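Trainee: I would like to learn how to read a pocket and the strands around it. Can we work through a case together?

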Amino acid sequence: MTATTSSSAATATPAPLTDATRDEASLRRFLHGLPGVDQVGVEQRAAGLGTRSIKKAAKLWAIDTAISMVDLTTLEGADTRGKVRALAAKAKRPDPERPDTPKVAAVCVYPDMVETAVEALQGTGIHVASVATGFPAGRTSREIKLADTKIAVDAGAAEIDMVIDRGAFLEGRYLEVFEEIQAIKAACGSAHLKVILETGELATYDNVRRASWLALLAGGDFIKTSTGKVSPAATLPVTHVMLQAVRDWFVQTGELRGVKPAGGIRTTKDAIKYLVAVHEVAGEQWLTPDLFRFGASSLLNDLLLQRRTQADGHYSGPDYVTVD
């Protein structure tokens, strides 16, 4: 079986998956036919993997891997071009005194700040991601969502983070959600699409599994936990369910899709727990920025401090990293 991403040539989608999206009834039958999530089991497994001991050499590797997976993010109403340029500078050289520190994966901004970010990151290989589709609530028309996406893509965004209509999903209007994701995917052109499920509003693990599969069926390149504006945001058990979904999708289709937990991941200890989960639930091949990201603003600083601690043998303190 040849592994491919969803945006490249892929093996033919198996008939059961094609048939699942034929109409509302077929989609409902497929999504509600997925195996139920064992709440106790997934929470116990997440807790157990979170206690794994990581030795020094492995910890250094994990820290550098986590840094390379960060989508460095600013999504505030008070964002300015100066702030975005400063964030881009940090993305390029997270620790200016340590030139061997990896670059981050992407800088994530609102659509009106994409052009500034693209200019600041030109030639670095760091992607510019943009939230779109009426982020964070998504309470607007499809026409506006498509226009929002087009503004970001035309400005140079290589990745679009869209929010699903949680109200439609929770009411069981699955085909409506599916078709909207498809429309946004088409509007992305060559840009990759991350589909934000806002798992804190989905209430159950079964809903998280259904929403994950719905996004994958519609062509999402990544499934993302949260906007970071709703509590709870990312959690390990929810991320386990989403990692299981992309693993099972790969088994059935040969396509590799990614996962992005976002919101509430602030420490190196937390990040390493997520990397352990990626390795154990999905598999080693997902341990790459192409298939796993952290949506974060404060995480990077702790990773940099812990990197210095591991290299120097003593704690450096917060004054040694820039404040976002």
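**Pocket and strands**

Mentor: In the largest pocket, the lining comprises eight nonpolar, nine polar and eight charged residues. Ala, Val, Leu, Ile, Met, Phe, Trp, Tyr, Cys and Pro count as nonpolar, Asp, Glu, Lys and Arg as charged, and the others, Gly among them, as polar. This is a predicted model: local features need pLDDT of at least 70, side-chain atom pairs count only at pLDDT 80 or more, and totals for chains, interfaces and linings use all residues. Residues are numbered from 1 along each chain as its sequence is written, and side-chain values use heavy atoms, without hydrogens and water.

Trainee: What volume does the largest pocket have?

Mentor: A pocket is an open set of points on a 1 Å grid where a 1.4 Å probe fits, with protein on both sides within 12 Å along at least five of seven lines; lining residues have an atom within 4 Å of a point. Here the volume is about 470 Å³. Of the 25 lining residues, the closest to the centre are Thr 73, Glu 76, Ala 296, Ser 297 and Ser 298. Helix α5 and strand β10 each give two or more residues to the lining.

Trainee: Are Val 70 and Leu 72 in β2 buried or exposed?

Mentor: Buried means under 20% relative accessible area (1.4 Å probe, protein chains only). Val 70 and Leu 72 are buried on one side of β2, Asp 71 and Thr 73 on the other.

Trainee: Which residue stands opposite Leu 72 in β10?

Mentor: Strands pair if DSSP finds at least two bridges between them. Three bridges join β2 to β10, running parallel. Ala 296 stands opposite Leu 72.

Terms used
Buried < 20%, exposed > 50% of the residue type's maximum accessible area, 1.4 Å probe, protein only. Helix = DSSP H or I, 4+ residues; strand = E, 2+ residues; numbered from the N terminus. Points joined across faces, edges and corners; volume = space filled by probe spheres on them.
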